[in-house]
Amino acid sequence: MKKYLIIFLFALAMVGCRCGSDCEHKNCDDFKTQKEAQKAFDSDEDCYANLDGDGDGEACESLP
């Protein structure tokens with residue numbers, strides 16, 4: 001029983017973890033325009049969540 005609990009907890013941790021994910025680690029400095037950053041953000045909001053600092057759905061609002 002203990003073995004199954006350990007396996008379950010490990011599997012649960014891996015589901016919540018984006019360990020080894022294919023997400024690119026980009027920030028607003030990697031984009032020239034807000035539109036370009038928004039396109040990346042819209043393609044995968046989980047991967048590019050750091051582009052939307054205030055969580056309003058708009059990426060890199062400080063870019064032109």
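**A bridge and its surroundings**

Guide: About the S-S bond of Cys28 and Cys60 the torsion is about -95 degrees, so this disulfide is left-handed. Cys28 belongs to the loop between α1 and α2 and Cys60 to the segment after α2, so the pair ties together parts that are 32 residues apart in sequence. The sulfur atoms of Cys28 and Cys60 are 2.1 Å apart, and a disulfide is here a pair of cysteine sulfur atoms within 2.5 Å.

The model is a predicted one, in which local features need pLDDT of at least 70 and side-chain atom pairs count only at pLDDT 80 or more, while totals for chains, interfaces and linings use all residues. Residues are numbered from 1 along each chain as its sequence is written, and side-chain values use heavy atoms, with hydrogens and water left out.

As for the setting, the protein chain has two helices and zero strands; helices (H or I, at least four residues) and strands (E, at least two) are DSSP runs, numbered from the N terminus. Cys60 lies in the segment after α2 (34-43). Although Cys60 is not a glycine, its phi is positive, about 45 degrees. With a relative accessibility of 2%, Cys60 counts as buried; buried means under 20% relative accessible area, exposed over 50%, and partly exposed in between (1.4 Å probe, protein chains only). Of the 64 residues of the protein chain, 20% count as buried.

Cys23 is placed in the loop between α1 (2-16) and α2, and Cys47 in the segment after α2, so the pair ties together parts that are 24 residues apart in sequence. Both Cys23 and Cys47 are buried.

Cys60 also belongs to the largest nonpolar core, which has 11 residues in all, including Cys23, Cys47, Phe31, Phe41 and Ala59. A nonpolar core is a set of buried Ala, Val, Leu, Ile, Met, Phe, Trp, Tyr and Cys residues joined through side-chain atoms within 4.5 Å. In soluble globular proteins, nonpolar side chains tend to be buried together.

Ala59, one of the core residues, touches Gln34, Ala37, Gln38, Phe41 and Leu51 when residues up to four places away in sequence are not counted; contact means heavy atoms within 4.5 Å. Lys39 is 20 residues from Ala59 in sequence, and their C-alpha atoms are 8.7 Å apart in space. Lys39 is found in helix α2 and is exposed, with a relative accessible area of 67%.

Phe41, another core residue, is among the residues that Asp52 touches, together with Gly57 and Glu58, again not counting residues up to four places away in sequence. Asp52 lies in the segment after α2 and is buried, its relative accessible area being 11%.

At Phe31, which is part of the core, the charged end of Lys26 sits over the ring, 5.9 Å from its centre. For this description, NZ of Lys or CZ of Arg must be within 6 Å of the ring centre and within 35 degrees of the ring normal.
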